[in-house]
Amino acid sequence: MPVDILMPALSPTMEKGNLAKWLKNEGDKVKSGDILAEIETDKATMEVEAVDEGILAKILVPAGTQDVPVNQKIAIIAAEGESISEMVIAAPASAPKASTSPIAAAHVTAPAIVSTPSSVSAYDASSEVPAGTEFVTQTMREALRDAMAEEMRRDGDVFIMGEEVAEYQGAYKITQGLLQEFGPERVVDTPITEHGFAGLAVGAAFTGLKPIVEFMTFNFAMQAIDHIINSAAKTLYMSGGQMGCPIVFRGPNGAAARVAAQHSQDYSAWYSNIPGLLVVAPSNAADAKGLLKAAIRNPNPVVFLENEILYGQSGPVPKLDDFVLPIGKARIARSGSDVTIVSFAIGMTYALKAADELSSQGINAEVIDLRTIRPMDIETVLASVQKTGRCVTVEEGWPQSGVGSEISAQIMERAFDYLDAPVMRICGKDVPMPYAANLEKLALPTIGEVVETVKAVCYR
Amino acid sequence: MAVAARKTTSAGRASTSVKSTASRSGSKKNSLPQNFTRDEDVRAYREMLLIRRFEEKAGQMYGMGLIGGFCHLYIGQEAVVVGMEMAQKDGDQVITSYRDHGHMIACGMDPKGVMAELTGRRGGLSKGKGGSMHMFSVEKQFYGGHGIVGAQVPLGTGLAFANRYKKNGQVSIVYFGDGAANQGQVYESFNMAELWKLPVVYVIENNRYAMGTSVSRASAQTDFSKRGISFNIPGEQVDGMDVRAVRDAADRAIQWCRDGKGPYILEMQTYRYRGHSMSDPAKYRSKDEVQKMREEHDPIEQVRARLLKDWKLSEDALKAVDAEVRDIVNEAAEFATNDPEPDPSELWTDILK
């Protein structure tokens, strides 16, 4: 069987090119891999190799020809002894092309406008703790430590690594006592090398180990963000579901106090943009414990955003042997009927205090703690907005493309007809964090801003 | 398919040159490599040829528009991965960059699945969702297929960390190029690997060009075997065009790791015949340079010559190998051309477990 040599494409966008020269002549013996000709475009050159062995029976496009269309037949290779006289040299061969997938196109339809969602229902967090459960008061710091210790006792594949997690007992003392209980094999002090140890932990997770990576703060995780996103979040998809990455990246996120621009960024919105990641941001000790345990058990990469200011705050934590909360479910922290305030993490501090103050002014606010940023429990938010008709979001992160922006867009798309006022966002100011005490205060949201904004959407 | 019968152990061969390896100064070239047995030469020939023919076919299919996007061919470098593989044991892990087709075939992954991934079809190893640069096999312990230059180095170091954690005696083989060798994360990895004595062989495939930038234009220290010196990691330069030299060095390096002595660096001096990817200006090196390499150092021709001269194999016997390899590649191409594209519903799967 004679073999057709076609004009190759150097890139998916190439349509034609020049046949610069032939390196073999008609009648030459060729073997697989021999270079037959050189092709040129304005951007690249390519060598055309023989596909098979045989005789270069016929050159159909002479050297020096310009603008030869891709897939045009340029030569024919015949087997030795094969007659080429009857070979048809006519039309360009129709090389098989990857189909342009008409099925896929059919799926691209305009999204339906569902401004009156019939059946959204709020998640009921009240059943998370059985009635009659005893509570202990713990700081978020202790709750996080207990969560890790419990999971490490439960599963030998769980280990923690990071800067100062072992002998120093944690830069923020979250890993206090873990080295003593689990030893240096499972509580691993790393060099100051975020990019390296994040990648190393992701590699370990590919084998089925379940690393907890502590970043001293998420500001430093920017050094490692390639591995969080490109290596951890995308591998399951890129491997067609074969290789997962059960890992938790955790540490303090957002502004602490007086640490200036490079140590104060809130990454909630950044990570929430990434398919393949789960993003958790608890606001209190109990949620921190239940969600961290869930994150460690989850087979997916989880970005677990803590907050330095919240570490020392105490709250009731259920005294249960195995308190695990669902990832992806919000909690109604305060019921109300006049307006919905949605927040998470340290933003809840402003939200709840503002709600108290609003209550004294006769406005009954419902406060939703998202707890998980991705996947976001938008159903609970929509159900609330259907009831109140108003929504204000509160976060410390920047406004553009922030978490509040996403909530606002979802409400507009899915509950537009229920709105009695525009959704408003309270965010950190659109500036790098200043150091001076007065400026720092101005850069962050305030309870007063939340109160005033809620009153504005209530037309009060 | 017969390709899959791989990963025999190298036990039983005398390893004579263990002593010369521990040279901590790096860069010692070792004396003449130990000869292969006839079977080893046949195996090396067949495996390198399979990679070469597979890659040539991939290049052709790219030219026909069947393969899209980026496609980085391994032609010229075959001896590196085949020689390494001949020294590995079952369970040893492999991880590499985006120039990964050869590594996957050497690991025993199905050429049909690899080719169908290149064409973006449902029978591809990643269901068509990864493409040329992103394939994985839990079964064959192949951990990708990574598109960010240098990223596989900490990831592969993590595989070694897991080996130490699990005390399973396995070694992680981490491939990267002379270009990646300048990435900071490589040195972060070297530091941790030696600090924790992780069983990892860093195989630097020095094919002389990082895309179009020659080693001397990008590297202050062009002897890559010395790149571990400040971490106390031993290294050696290896003739990466001679599969015997590769296997010798691999034996030493892997044994070093398995003995718990920590990481080891092998600089494989090799050469890429083709462009960096399919779209390559070919202006940064002369055609003579490429031609000279192909004529004088081709890894496959070296073995072929031995088979004919030393082992007295007939041309017909080699033709039979060629034909078998061609059939495997043609079958892969056929499958990859006719296999349907992924179902549209696949868009939404495998994002989370």
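Predicted model: local features only at pLDDT ≥ 70, side-chain atom pairs only at ≥ 80, totals over all residues.
**Entry 1: the interface**

I started with how the two chains meet. About 5,700 Å² is buried between chain B and chain A. Carbon and sulfur atoms give 59% of that area. I then asked which residues of chain B lose the most area to chain A. They are F136(B), Y165(B) and K353(B), and together they make up 12% of what that side buries.

How many salt bridges cross between the chains? The rule finds 2 across the interface of chain B and chain A. I looked up a pair that joins the two chains: E49(A) with R274(B), where the closest N and O atoms sit 2.7 Å apart.

**Entry 2: α4(A) and its two partners**

Next I went through helix packing, which is described by the angle between the axes and the distance between them. Helix α4 of chain A, residues 194-206, turned up in two pairs on my list.

The partner in chain B is helix α6, residues 152-166. The axes of α4(A) and α6(B) come within 6 Å and cross at roughly 55°. Roughly parallel would need an angle under 35 degrees and roughly perpendicular starts at 65, so I have α4(A) and α6(B) down as oblique to each other. The crossing is right-handed. From α4(A) the contact uses G196(A), G199(A), L200(A), V202(A), G203(A), A204(A) and F206(A). They meet P154(B), L155(B), T157(B), G158(B), L159(B), F161(B) and A162(B) of α6(B). By class I get 9 nonpolar and 5 polar residues in this contact, with no charged ones.

The partner within chain A is helix α5, residues 225-233. Here the axes are 8 Å apart and the angle is about 15°, which makes α4(A) roughly parallel to α5(A). This crossing is right-handed too. On the α4(A) side I noted H195(A), A198(A), G199(A), V202(A) and F206(A), and on the α5(A) side D226(A), H227(A), S231(A) and A232(A). The class count is 4 nonpolar, 4 polar and 1 charged.

Comparing the two lists, G199(A), V202(A) and F206(A) touch both α6(B) and α5(A).

**Entry 3: α11(B) against α12(B)**

Helix α11 (residues 299-309) and helix α12 (residues 315-338) of chain B pack at about 140°, with axes 10 Å apart. I checked the label, since roughly antiparallel takes an angle over 145; α11(B) therefore counts as oblique to α12(B). The crossing is right-handed. R304(B), L307(B) and L308(B) come from α11(B), and they meet E315(B), L318(B) and D322(B) of α12(B). That contact has 3 nonpolar and 3 charged residues, and no polar ones.

**Entry 4: salt bridges overall**

Over all chains the structure holds 49 salt bridges. I picked out E150(A) with K289(A), whose closest N and O atoms are 2.7 Å apart. E150(A) is in helix α2 (residues 140-154) of chain A and K289(A) is in helix α8 (residues 285-297) of that chain, so the pair ties together parts 139 residues apart in sequence.

Most peptide bonds are trans, and most residues other than glycine have a negative phi, so I went after exceptions to both.

- R374(A) and P375(A) are joined by a cis peptide bond with omega about -5°. P375(A) sits in the loop between β20 (372-374) and α11 (378-388) of chain A.
- The bond from G144(B) to G145(B) is cis as well, with omega near 20°. G145(B) belongs to strand β2 (residues 142-145) of chain B.
- K197(B) has a positive phi of about 50°, and it is not a glycine. I found K197(B) in the loop between α7 (184-195) and β4 (200-206) of chain B.

**Entry 5: G212(B)**

Where does G212(B) lie? It lies in the loop between β5 (209-210) and β6 (213-214) of chain B. Leaving out residues up to four places away in sequence, G212(B) touches R217(B) and Y284(B). I also looked up the C-alpha separation of G212(B) and Y284(B): 5.7 Å, for residues 72 apart along the chain.

Terms used:
Residues numbered from 1 in each chain as written. Chains lettered and ligands numbered in written order. Heavy atoms only, no water. Axes fitted to C-alpha atoms, helices over the stretch in contact; angles between N-to-C directions. Helix = DSSP H or I, 4+ residues; strand = E, 2+ residues; numbered from the N terminus. Parallel < 35°, antiparallel > 145°, perpendicular 65-115°, else oblique. Left-handed = near helix turned anticlockwise from the far one by under 90°. Contact = heavy atoms within 4.5 Å. Nonpolar A, V, L, I, M, F, W, Y, C, P; charged D, E, K, R; others polar. Buried area = accessible area lost by both parts, 1.4 Å probe. Salt bridge = Lys/Arg side-chain N within 4 Å of Asp/Glu carboxyl O.
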